[in-house]
Structure formats: C-alpha cells, structure tokens
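Please examine the sequence and the structure displayed here.

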Amino acid sequence: MFCFFNTGFAQKNRKKAQSTTSKKLVNAKKKKLAKTNSKKKIKKGEVRKKNNSSNSDVVDLSKLIQNANIVSPKLDTVPEKEVSIISAFKPQLKNIAKLNFTKSTSRSDSNIVTLTYQVPTQNLSFQYRPISLIPRSYKELEANAPMNKTNFKVGFGNYSQQLFDLSYHAVDANNNSHSIDANFESSNGMYYLQKYSHKNFSYIGDIKLSAEANILAQVFYQNTQRYRFGLVPDNSNLSLSSYLQPFSLFGTSFKWVNNNTSNKNSVWSPILKFEIFKGLPSTNNFLVEMYNPMSFKLKGTGKIHLDFNYTYNKYTYTNNVDQKNSIFTIQPSIELNKWNSMIKIGVKPTFTTQAFSLYPLIEFSKKLNDTNYLLVANWQTILTNNNYASLSMINPWLAAPTALKITTQEKKSLDLFINASKKLQYSFGLSLNDYRNIPFFNRVNNVSPSSFFGLQYQPVFEYRAITLEFISTLKYHFSDQLLVNGKAKYIQFNSIKENTNAWGILPLNLSSDLSWFPNKKWALNGEMQYWSGASFLNNADKVYSLANTLVLNASFHYQLTQHLSAWAKAENLLDKKYQRWAEYPSLGVQLMAGIVYSFHK
C-alpha cells in the first residue's frame, strides 16, 4: 500500500510540473501528431490527455490499480499443501533363484539318440560335496607332471558272483584327458542254465585340438553270455551251446565341441556314431548315425534352427537276407523368446526307406509371472530306426527278428515344472501319443518239445496304437548330505489296431533312490522300484498278466585309508523271485562285498 501511495504522488507531481511549464509545447505537439500518426497513437494521446487533465488532489487507488493491471494479492500467500498419489504398491519379497541353476527344459529333438555312458566304477558311490572354505589367501602350485590315477575293484558274493574292475584316468601334458575301464562279472543261479557273464571295455577321451575346439571320443566293447533257462528241465540232454544267448556290441562315437565364445551367433556340434552288433548265430546289425544340431541367432531375441539327423541300419538275418532301413530328417524352425516365453514353430520333412512325410513342429514354454512354475507344451513326431541291438537291450531273451520296422510316435504333451524351493523340485507331464509300428514282445509258442531250446520272445510291431501317458518326477534335498529322487510313469493304451494287448509293456513303473553321506568316509545308497505286471500269451494262447513287483536294493561305501576302501551291496532284499519276463524268475537276495584299492602318482 505504501508503494502504491508513493507511486501515485510522484506521478501527480510530475503531471503538475508538466502542465505548468510546457503546456503550450505539448498542445502544439499533439496537433502535429494528430495529422501524421495512426488512430492508435491518437487514442493513446487521448488517454494521456485524460490523465493529464486529472488534477484532483485525492488519489483513487482502485483506478490506479486497475490501470496498472495489478491484481490484489491474497491475504495468505503460502500455497496450500497437496498430496499427489502417482501409484500404489504392496511391498513383497520374492524367492531368490539359485545361482547357476536356470530353470529350463531340454530341447526337443526329432529322434531319440541313445548315448552309452561308461562311468568309472570307483565313482558310482560318490557324489559331489563342496570343499570347505579356508579363511586365508593362498596360491595353489601347479603339478609338474600329469595326474595318473588307477583303481582296482574286486568283489565276491553268493550265487558264485564275482566282480573284477580296473579303471585308469590320466591327463597328459597337453591337457587331454583319457579314461579306460575294463571289468568282468559272472554269476550262477539256482536253476539249470541260469548262468550269466559280462565283459566290458571302454575308452573315453577328451582331445583338445585348439583353445576353441575339442573332440569327445568313445570306444567300447561289450560281450554278454546268457543261457535260455526258461521252462528247461534239469535233465535236458542237449548241449549248453544249444541254449546259448550271446550278444556282442562294438561301437565308437565322436563329437565335435566348439568352445568359440567370441562367436555366439551360431552354435553347432556334430555327432558321428558307429555300432556293430552280433546276436544269435549268423545274425548281425550295422548302424550308422549322424546328428548335428545347428542354430543361428537373429537380431533381438530370435533364433533359426536347422537340425538334421541321418540313421542307417543294415540287418542280416540267418538266411543271409539283408534288410536296410534309413531315416533322413531336416528340422528347420524359428524360435522367438519374448514376454517371458519361448515359441518355436517349424516343420520336419522326413525321408525314409519307404516314403516321404512332412510333420509339424510346435513348442511353447512360459514361465508364469511371480511364480516358479514353467509350463511347456509341444507337438512333435519322433522316428526310431529299430535295430537288433536296441531291441535286445530291452528284452535279453529275444529271438532273431524276421523283420525290423521304423517306429513313428506323434506326441502331443503338456508339462509343468515347479521349483518350489531350494530343496524341492517336481514336475507333472501328460501326453497323447499316436504310435505306428510300436514294438511289443510276446512269447514264441507252438514249438515241439523235441526241438525246444529254451523260451524265447519275438518282437511284434503293432500297426497303430494310441496311448495316454503320465510322467511325474520329484527331487528333494534334505541337506547337502541327503538327497531323494523319484519318478513315476503310467501308460494307458486306448486303442490297439491289430493285437489284443500291449505284450510285454509295463503299465505302471515307480522308482526312487536315496543317497546319504553321514561324513567324509561313509556313503550309503538305497533304491526302490515297483511295477505292475505285463501281459503275455501262455502255451494255450490265453492272455495272462504277471504279478506286481516291489524290489529293494541297498549299498554302502566306506573309506578305510587314503588308498583303500570297502564296499558292499544287496539286491532284492525282500527275497521275492519276481519275473520281468514270463518264465524267467530272478534270483533271491544277492549279497556282494569287496574292496577298492586306489593309487596315483
């Protein structure tokens, strides 16, 4: 208010001085400007004239404020306090994922690749245990010479069981690792001809070609001698060679491993495999398999897959008739990783010995938000080139097949993987399968007693069968010293085209194992397996099923000294002579114990 008064009085004094001293000059100037200036300037002159003509002694503050365009201030100039809510949230703690334990699913492949792993025997009873931390800084000296380690294992048990195993592991000066294992095992059962012997030799090497590439090589030889003791009386006059069931398998495989971390845009790892199998006299099988998974990374989060697989199988029957089956597949597909999901879409053109087919390939995986649940759905077709060796691994009492066929499995599955905690992980899976030429195993009947050389089974290829399968797994870590694994599988045949039953197939199979390490010296293991009996035909061609079976096994390992340890195992602790294949009863309780001597330089 004082400012307004001072401004008003100063303006009033200025106007009075102007009107008294130069009033004539101002009037003359106004007349001259009125002729030359625009209308706006005339109006401004009129306003100025009005202001100059205001000679009142009283100052009108309201008019002064209005003419000066001044807004009256508020009494309280402090701004009002306001609260703006931008977002509302509820704090919560999420589960911390394990380091280096990414939850993921195995990549689907067009073929089931059978890999034979020869684990050194001395490592079968051991499990990784983290080393204790040393609270000081130190630098470990490198060994001047490569580490060579040799283990010799020997054991004996009831039923004349004996086991000899020799393993050797070495790392040479070029950092190449070599593992050699050779063992022999034999036993004699309670029944006539219930004899068994097995020889095995294997070599596994990791050869480093350069800093970015190495080759994994494997060479193995297996020989198994059995005798067909099913339904054979003790007073048989035939020689042992008439009942011999021999199997010999020789194989080698090579895998190229590319460790070039600088080029992450492409991944490829080819595998080459050869197998030669000899079964009953004048029968053999030759298998060649090549598999190469390839992927190329796109800009962003996408990939292009171009996997291919080729298998060739040559089977020679007793009458020197050769049968050849081959499968060549290419699997181009596009993979997109977005929205915390993976989508893979492609096709699978397949060339077989008989025909050409084109199959779809669809895979989808999604990690549910704010959970540890992984949902996987896929639609794929798996082709299996059945050979004499693979069928004999399923049923050791197999007769020489008269023909081999390619099995096609169209699989539509839905799996849920749950990582409940750091200790508990489990999964559930449901699949609908459409099989073509699935192998069943039934007894060979209608054989005259005079020419009976023991019970044998023959593969029966079902033209078409539709199944519903359920698979569940569980893993629980009680602690670093106790681990439990479990698996359950149930298969239900909804439709069978030609056969009346799924001969030799187990409808239900449950298995679990337990590993316990009380201290550094002790290692204990336990196993349980339960299955429902398979269906077969008897001599009168009537269908019957075997009894359900529960088998319990246990073993332990104890470190006596630095170089010497003791071990023991027990199988079929319930002492029940179960039958996986009809008329071939198992042994009772089998006890075996021995020692392991280790030395190195």
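The points that follow concern paired strands and salt bridges.

This is a predicted model, in which local features need pLDDT of at least 70, side-chain atom pairs count only at pLDDT 80 or more, and totals for chains, interfaces and linings use all residues. Residues are numbered from 1 along each chain as its sequence is written, and side-chain values use heavy atoms, with hydrogens and water left out.

**Strands and their pairing**

- Helices (H or I, at least four residues) and strands (E, at least two) are DSSP runs, numbered from the N terminus.
- Two strands are said to pair if DSSP finds at least two bridges between them.
- Strand 8 (residues 271-278) and strand 9 (residues 284-292) run antiparallel and are joined by 8 bridges.
- Across from Glu 275 stands Leu 287 of strand 9.
- The hairpin of strand 8 and strand 9 has 5 residues between the strands, and Ser 282 in this hairpin takes a positive phi near 70 degrees.
- Strand 9 is also joined to strand 11 (residues 302-316), with 9 bridges and an antiparallel course.
- Asn 284 stands opposite Thr 316, which belongs to strand 11.

**Salt bridges**

- Side chains of opposite charge can pair when their charged atoms come close.
- A salt bridge is defined as a side-chain nitrogen of Lys or Arg within 4 Å of a carboxyl oxygen of Asp or Glu.
- The whole structure contains 6 salt bridges by this search.
- One of them links the side chains of Asp 322 and Lys 314, at 4.0 Å from N to O.
- A residue is buried under 20% relative accessible area, exposed over 50%, and partly exposed in between (1.4 Å probe, protein chains only).
- Asp 322 is partly exposed at 39%, and Lys 314 is partly exposed at 29%.

- Asp 434 and Arg 464 form a salt bridge through their side chains, at 2.8 Å from N to O.
- Asp 434 lies in strand 17 (residues 424-443) and Arg 464 in strand 18 (residues 457-479), so this pair ties together parts that are 30 residues apart in sequence.
- Asp 434 is buried, at 14% relative accessible area, whereas Arg 464 is partly exposed at 30%.
- Arg 443 and Glu 583 also form a salt bridge, their closest N and O atoms being 3.9 Å apart.
- Because Arg 443 lies in strand 17 and Glu 583 in the loop between strand 25 (564-571) and strand 26 (590-600), the pair ties together parts that are 140 residues apart in sequence.
- Arg 443 is buried at 6%, whereas Glu 583 is partly exposed at 28%.
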